[in-house]
Structure formats: structure tokens, C-alpha cells
Amino acid sequence: MWWVVGATVVVALVSAYLIWTAGRVERLQARAQLAARALDAHLLRRAAAAAVLAERSYGVELYAAARIALDAGPDEREAAENDLTRQLRTVQLDLTDPDCEAVVAASRRLALARQVHTDLVRDARAARGRPLVRLLRMGHRHTWPRYFDIDDPTLAIPADVPTG
């Protein structure tokens, strides 16, 4: 009689662990997808702010880089965003200009969104890479989350300009 109770307890514990693990994999996958969407939104905001800035104040190169970043497909996105970051770093930003402030603020938000995305992708890939998860194919309905590898998008603020 005791072995039936013991076997039932073991089966219940293993089932609870498997259900918890499957739920964790699903939650991490969903969070990584949401972070990817948020990152995409911040990329678009920064590119749009850079296009407005270039249209009003700066050269054709910055405007072209911003337009390419806005129009880039998924496979070309990282290269286009890296090019936009390089173009923004070549420009001497005037923080008294509201358009420059918008680009700097968008770049800061983008850096934070990229960090959150990277952390969530790392966690989701680690959870899906566990042997039991792979064996039972717990994350098979979703594609593997991908990192978005771009240069640090934060822009340097000149030392003589007060922040705040």
C-alpha cells in the first residue's frame, strides 16, 4: 500500500515539475518576443527622430542613413542601424535643439530596450537549451529567439553642455 502512495507522490511531483518547466519556457519565449517588438519600436523611433533632425539641420548622409534604417528589412536591419549609429556619432549635436534632444533621448531608450532584449533572449535560449526541454520539445512551437547585435546606440553628450 505504501508503494502506491509513494509512486503517486513521485508521479505528481514529476508532473508538477514538467508543467512548471513548460510554463517557464513559454513565458520566457513570450517575453523575448515582446522585447523584440519593443526593440523594433525603439529602433523606428530613433530612425524617425534622426530623419527629422537631418531634414531640418544636418546633411544628406544622416538623412539617407535614417531612411535606410526606416526602410530596412529584417535581414538588413542590424547593418542599417549600425550605419545610422555611426552617422549620428559623426554629427556634433546641439542639445539646446529639441530635435537633437529627441534623438539623444531615443538613443538612450534604445540602449535600454536592447539590453532588456538581450537579457530575455539569453534567458529564453538557456531555458530552451536544457536537455529535458529539448527531449520533450517544450519550445518547438516557437522559433529560437535571436539576438539583435548592434553597436551601443547611446550618444556622447558634450562636456560643456549642462544636462538635466
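Predicted model: local features only at pLDDT ≥ 70, side-chain atom pairs only at ≥ 80, totals over all residues.
**Helices, buried spots and cores**

Me: Why are α1 and α4 called roughly antiparallel?
Reply: Helix α1 covers residues 2-56, and helix α4 covers 98-128 (helices are DSSP runs of H or I, at least four residues, numbered from the N terminus). They pack at about 160 degrees, with axes 8 Å apart; those axes are lines fitted to C-alpha atoms over the stretch in contact, and angles between N-to-C directions run from 0 to 180 degrees. Under 35 degrees is roughly parallel, over 145 roughly antiparallel, 65 to 115 roughly perpendicular, and the rest oblique. So α1 and α4 come out as roughly antiparallel.

Me: How do you know whether Leu39 is buried or exposed?
Reply: Check its relative accessibility: 3% for Leu39. Buried means under 20%, exposed over 50%, and partly exposed in between (1.4 Å probe, protein chains only). Therefore Leu39 counts as buried. Leu39 sits in α1 and touches Leu110, Ala113, Arg114, His117 and Phe148, leaving out residues up to four places away in sequence (contact means heavy atoms within 4.5 Å).

Me: And what about Ser107: buried or exposed?
Reply: Ser107, in α4, has a relative accessible area of 0%, so Ser107 is buried too. Setting aside neighbours within four places in sequence, Ser107 is in contact with Arg46, Pro153, Thr154 and Leu155.

Me: What makes a set of residues a nonpolar core?
Reply: They must be buried Ala, Val, Leu, Ile, Met, Phe, Trp, Tyr or Cys, joined through side-chain atoms within 4.5 Å. The largest such core has 21 residues, and Leu53, Leu88 and Val103 are among those with the most contacts inside it. Helices α1, α2 (60-71), α3 (77-90) and α4 each supply at least two residues, and α1 gives the most, with six. A second, separate core of 10 residues includes Val25, Leu28, Leu120 and Val121.

Terms used:
Residues numbered from 1 in each chain as written. Heavy atoms only, no water.
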